[in-house]
Amino acid sequence: MAANMYRVGDYVYFENSSSNPLLIRRIEELNKTANGNVEAKVVCFYRRRDISSTLIALADKHARELEEEMENPEMADLPEKQKHQLRHRELFLSRQLESLPATHIRGKCCVTLLNETEALKSYLDREDAFFYSLVYDPQQKTLLADKGEIRVGNKYQADITDLLNEGEDDGRELEKLEEKVWDPNSSLTEKQIDQFLVVARSVGTFARALDCSSSVRQPSLHMSAAAASRDITLFHAMDTLHATGYDMTRAIAALVPQGGPVLCRDEMEEWSASEANLFEEALEKYGKDFTDIQQDFLPWKSLTSIIEYYYMWKTTDRYVQQKRLKAAEAESKLKQVYIPNYNKPNPNQLSNNVKPALMNGAAGAGVPGPPGSAQTPGLGRACESCYTSSSYQWYSWGPPNMQCRLCASCWTYWKKYGGLKMPTRLDGERPGPNRNNMSPHGLPLRHSGSPKFAVKTRQAFYLQTNGLTRITRRLCMDIIRPRYLARHPYLPVNTAAIKAECALRLPDRPKKPLPMKPVERKPLESVVRYLEAHPCPAKPDPPIRGASISTGSLTPIKASPILNNGSPTILGKRTYEQHNGLDGSKSKALAPQWDIMAKRMSEAARPSASLQDEVHELD
């Protein structure tokens, strides 16, 4: 019951999409709508995948600077996998508020300000634990450091001087360390001081009557007298009395100099009504974050002026009224809400009705069966995150045309933390399947202005194998089946089983290397002369569509679509030319049958026996 009870201030998961990661929010208010539903007013937290790469670089730079200040090499000592997962635990606080249905809550989590005294690995040890250190503004697209840090360390502590012994003199110049502003042992009595303060208030009231701007703000005598009784007037009177050596005659003369009475005004009088309204609006949005209040609402005011006005504003009736209104609103709002567990099946669940077939060398992946046999799309595909091939439940993940899937454990990790468990590439470990077109956050990369997914560029590469791999190809040829794999290039190969079998056969291999068939190649000049003497015959143009073909043997073959539902990667859904970015000029529907017809028509023009002999000589 307690796990399903959500209160104001809780950090919760919200689900807005069945396939996207859960949103992380903090409940600020729980309101009941007119139709009886409950809405939650929440503060938004953003993940790294939600902000631009430029801001991600700034966040990483801030993290490195923080490490250098703390002199803590813990992050550098973490394995690559834990670094990858730790990035999924980082959030960015925002000031953005939004209202979401309470029925979309999917559980609780814990979000804390990054604790400098706590090990980073501790966040990975705790389930549903996140941290933040920066504030993200979705409108301005900026990152700012949060001001709520706790300053821990020797450089933030005061230096305590040694205790002086009895009779020991203090060598410091005390006149430079302190200034005397009031003498309680003066010759004036308490009654005389009170009378002088009354005179100072009267002078302040008269000064406000002479000031035009004050007359507009305090049009009545009562308001002017109240403003003159504020602390700023009393402080000025006592400072004047101390400066004149507690001489009443000189002090009164100082209150009314040659130019007129002295007017002392504090921040409450200096601020206009519109500025006061802006301050109350900013205080409602940012709380006591005076730096943000100054930047966004009152940039022409100094930070000292804003803080001083705040503490004076708290003594006014306006503050008391707002406090009472907020208390009344809080009484009418919900304190907590009960949300039952969400048990509806996820639309991304895949069916587990079909048993997987055998993979090369071991069980676990799909091998094409006889022609006409039905296959389940994605059958035999490994998990995109942990590469496992067995799970009690599978979930489709990524774009539909890629047919990727995640196991149950990795799907839960994806929904909670917004990423995959494994990084794109670990040291000494192969990259996961289908990761060429994926970004670090698990999203497909796109070209700017193009709706197609990013494919491999037309760049040449050279794949070099080591000696052990070449020996394994010879020793385990019955398991690898290179001729079969050449015709099915998209089937996965169980390298673990092949390595184990090679380790068993390697001691029994023959000491002499297997004989290689010598290949004698003709020089390039002879090949060029032959090609010049025997140019390639022009290919006949295909007949116009719809025209009758009289040749009886030329029967157009009906083009059947090529099905590749059992392919374990995205390559199985596209041709080689499409995957490498080559644009084919032939029509997809007509290419198969007209190629066959052209081949049959060219059979009659085959080279003679002597020409074939020349060909064999060149070979």
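This is a predicted model: local features need pLDDT of at least 70, side-chain atom pairs count only at pLDDT 80 or more; totals for chains, interfaces and linings use all residues.
Local features are considered at pLDDT of at least 70 and side-chain atom pairs only at pLDDT 80 or more, whereas totals for chains, interfaces and linings use all residues. Residues are numbered from 1 along each chain as its sequence is written, and side-chain values use heavy atoms, with hydrogens and water left out.

The structure holds 20 salt bridges, each defined as a side-chain nitrogen of Lys or Arg within 4 Å of a carboxyl oxygen of Asp or Glu. One of them joins Arg-95 to Asp-289, with an N to O distance of 3.0 Å. This pair links distant parts of the chain, 194 residues apart: Arg-95 belongs to strand S5 (residues 90-101), and Asp-289 to the loop between helix H12 (273-286) and helix H13 (290-296). Helices (H or I, at least four residues) and strands (E, at least two) are DSSP runs numbered from the N terminus. Arg-95 is partly exposed at 31% relative accessible area, while Asp-289, at 16%, is buried. Here buried means under 20% relative accessible area, exposed over 50%, and partly exposed in between (1.4 Å probe, protein chains only).

A second salt bridge connects Arg-208 and Glu-269 at 2.6 Å, N to O. Arg-208 lies in helix H6 (residues 190-210) and Glu-269 in helix H11 (residues 267-270), so the contact ties together parts 61 residues apart in sequence. Both Arg-208 and Glu-269 are buried.

Lys-326 and Glu-284 also form a salt bridge, their closest N and O atoms being 3.4 Å apart. Because Lys-326 lies in helix H15 (residues 317-332) and Glu-284 in helix H12, the pair ties together parts 42 residues apart in sequence. Lys-326 is partly exposed at 44% relative accessibility, and Glu-284 is exposed at 55%.
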